[in-house]
Amino acid sequence: MGRYIVRRVISGVVTLFVLLVVTFFLMHIVPGSPFAQHEDKMPAEIRAQVEAKYGLDKPLMEQFITYLGNTLRGDFGISFIKPSTNVNEILDLGFPISARVGAIVVVVSLFIGVGVGILSAIRRGSLLDSAVMVFATVGVSVPLFVISVLLLYLFAGVWNVLPTYGLTTWRHYILPVACLSFSPIAYIARLTRSSMLEVIEQDYIRTARAKGVKESMVILRHALRNAILPVVTYLGPLVASLLTGSFIVERLFAIPGMGRYYVESIGSRDYNVILGMTVFFGIFVVACNLLVDILYGIIDPRVKMDE
């Protein structure tokens with residue numbers, strides 16, 4: 001496993017470098033600048049001084065090398081729009097909030113999605129199975145924005161039973177978590193069901209039942225261990241995206257997480273914030289995918305990682 005982890009770490013570093021290069025040059029190729037909204041009122045000499053202050057007057061390759069060196073030291077620079085704010089400070093403020101909401105969503109999605117998928121598989125063809133399949137199809141097909149607006153309208157507009165702003169109390173978490181969990185629960189339930197249906201037809205499951213093993217033990221100990229592998233694969237990018245913030249939900253519910261800052265930085269063309277959050281998100285995706293591959297070997301010893 002050691003050689004495999006080293007290879008994956010090297011691959012992850014290369015991936016992050018490519019991500020950084022593409023994001024950096026695309027942002028600078030697209031017309032406009034972080035000071036575009038003030039260009040009409042800003043004299044040419046003042047604009048030149050501002051660009052010199054932030055190094056934007058230097059050749060593009062020199063800017064990239066400088067930024068790459070700062071990034072390797074863990075310094076993502078300062079915000080062009082809010083010069084008193086460091087990008088690292090934005091990450092320190094936004095990530096814990098996004099991570100807290102994301103962690104709750106992951107736990108809720110796993111618990112409900114896997115449980116519903118197992119029930120659907122062992123009761124194949126029943127009314128429950130049909131209801132789960134309808135829910136899974138709707139959950140995967142309907143965009144997050146539609147689900148969020150619908151739940152917001154029902155629980156905050158029509159019934160007025162849940163708060164919609166910030167994360168002050170536990171009740172403030174209900175709507176954001178419900179919105180973010182809807183699609184993952186549906187997808188995990190569908191994955192679990194299809195995988196369980198395949199596994200429970202295997203010979204070793206029949207053998208376990210023939211030996212008189214309790215049905216609950218057959219399902220939870222023997223079948224689920226192999227059926228859970230597709231779900232583990234899905235968890236890698238899911239965990240990374242949830243822990244680093246959902247742009248839509250954080251915007252709708254005024255949650256001061258990373259998603260909110262990301263959306264604002266894109267709208268204002270704040271280069272350093274966009275780059276810093278993109279690299280941070282990329283690191284999380286690479287780390288989560290590596291963790292998923294390691295879990296593969298733990299859950300299923302048949303997976304040989306050094307080959």
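This report covers the salt bridges of a predicted model.

## Overview

How many salt bridges does a search of the whole structure find? The search finds five. The sections below take them by the residues involved.

## Asp129 and Arg193

The side chains of Asp129 and Arg193 form a salt bridge, with N and O 2.6 Å apart. This pair links distant parts of the chain. Asp129 sits in helix H5, which covers residues 127–141. Arg193 sits in helix H7, which covers residues 171–199.

For Asp129 the relative accessibility is 5%. Buried means under 20%, so Asp129 counts as buried.

## Around Asp129

A polar atom of its side chain lies 3.0 Å from the backbone nitrogen of Gly125.

Which residues does Asp129 touch, leaving aside those up to four places away in sequence? They are Ser120, Arg123, Arg124 and Arg193. Arg193 is also the salt-bridge partner of Asp129.

## Arg209 and Glu215

Arg209 and Glu215 form another salt bridge. Their closest N and O atoms are 2.7 Å apart.

Why does Glu215 count as partly exposed? Its relative accessibility is 39%. The partly exposed class runs between the buried limit of 20% and the exposed limit of 50%, so Glu215 belongs there. Arg209 has a relative accessible area of 35%, so Arg209 is partly exposed as well.

## Arg251 and Glu264

Arg251 and Glu264 also meet in a salt bridge. Here the closest N and O atoms are 3.6 Å apart. The cut-off for a salt bridge is within 4 Å, so this distance qualifies.

Where do the two residues lie? Glu264 lies in helix H12, residues 258–268. Arg251 lies in helix H11, residues 247–252.

Glu264 is partly exposed, because its relative accessibility is 30%. Arg251 is partly exposed too, because its value is 48%.

Key. Residues numbered from 1 in each chain as written. Predicted model: local features only at pLDDT ≥ 70, side-chain atom pairs only at ≥ 80, totals over all residues. Heavy atoms only, no water. Helix = DSSP H or I, 4+ residues; strand = E, 2+ residues; numbered from the N terminus. Buried < 20%, exposed > 50% of the residue type's maximum accessible area, 1.4 Å probe, protein only. Polar contact = N/O pair within 3.5 Å; in protein donor to acceptor, adjacent residues only side chain to side chain. Contact = heavy atoms within 4.5 Å.
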